[in-house]
Amino acid sequence: MQEPTVKNGFQADHAALMAASFLSLLSRPLLAAPIAEFPTAEALYHAPFPILTHDGAADPVLTYGNLAAQALWELPWDQLTALPSRLTAEPAHRAQRDAMFAEMRAKGFIENYAGVRISATGRRFEIRNAVIWPLKGADGLQRGEAATFQDWQFL
């Protein structure tokens, strides 16, 4: 996927998938009011908090990271979206991360997840109150998974 820009509609199809999946599962919009239930792709890309997605591979790779996610992980779009998502956490925290995804898959989504992550430069931070959800198309097929959080603290 190309970096979201005006030229590609800020990846409107992927943004719609993220927003619709979130709304369907959590019964609230991905971006709070006054944004509409279906925020624009540009609004998601410029949201003041991280939004990330990864594909459905056995070793998932990030497929989307808005500007806030790029800043937090200290990676530009092309590097962030080539990163296996497991590498967003240090080796010591990957088992907890894997357990969270297993719980999300069993329950449908997770709210209030907390865990330690690491940026490309080694800066550690704790994410709190994260929401993790599957990306499901209108056909019901899963197209990956997503995460967002508005609360983090550098360690």
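1. Leaving out neighbours within four places in sequence, R117 is in contact (heavy atoms within 4.5 Å) with W73, T88, A89, R97, M100, R123, R124, F125 and I127. R117 sits in strand 3; strands here are DSSP runs of E with at least two residues, helices are runs of H or I with at least four, and both are numbered from the N terminus.

2. A word on the model before going on. It is a predicted one, where local features need pLDDT of at least 70 and side-chain atom pairs count only at pLDDT 80 or more, while totals for chains, interfaces and linings use all residues. Residues are numbered from 1 along each chain as its sequence is written, and side-chain values use heavy atoms, with hydrogens and water left out.

3. Back to R117, which is worth a look for its charge. R117 is buried but has no salt bridge, and D98, the nearest side chain of opposite charge, is 8.4 Å away. Buried means under 20% relative accessible area, exposed means over 50%, and partly exposed is in between (1.4 Å probe, protein chains only). A salt bridge needs a side-chain nitrogen of Lys or Arg within 4 Å of a carboxyl oxygen of Asp or Glu. For charge, Lys and Arg count as positive, Asp and Glu as negative, with His and the chain ends not counted. What R117 does have is a polar contact of 3.1 Å between its side chain and that of Y113. Such a contact is a pair of N or O atoms within 3.5 Å; within protein, one must be able to donate a hydrogen and the other to accept it, and residues adjacent in sequence count only if both atoms are side-chain atoms.

4. As for D98, its side chain meets that of R97 in a salt bridge (3.7 Å, N to O). R97 is buried at 6% relative accessibility, whereas D98 is partly exposed at 45%.

5. The salt bridge count comes to nine. One of these joins the side chains of K107 and E103 at 2.6 Å, N to O. The two are four residues apart in helix 5 (residues 94–107), so about one helical turn separates them. K107 is exposed at 58% and E103 partly exposed at 34%.

6. Another pairs D151 with R128 (3.9 Å, N to O). This pair links distant parts of the chain, with D151 in strand 6 (residues 151–154) and R128 in strand 4, 23 residues apart. Salt bridges with shared partners join E126, R128 and D151 into one network.

7. Now helix 1. It covers residues 12–26, and its 15 residues reach 21 Å from first C-alpha to last, close to the 21 Å expected (1.5 Å times one less than the number of residues). Its buried residues include H14, M18 and F22, and the buried set packs against helix 2 (41–45) and strands 1 to 5. Just after the helix, S27 takes a positive phi of about 55°.

8. On to the cores, each a set of buried Ala, Val, Leu, Ile, Met, Phe, Trp, Tyr and Cys residues joined through side-chain atoms within 4.5 Å. The largest has 20 residues, and M18, L30, L44, I51, Y64 and W133 have the most contacts inside it. Helix 1 gives the largest share, five residues. Apart from this core lies another of 19 residues, among them W73, L75, F101 and M104.

9. Last, P60, in the loop between strand 1 and strand 2. P60 is buried at 14% and, not counting residues up to four places away in sequence, touches H54, D55, L83, P84 and S85.
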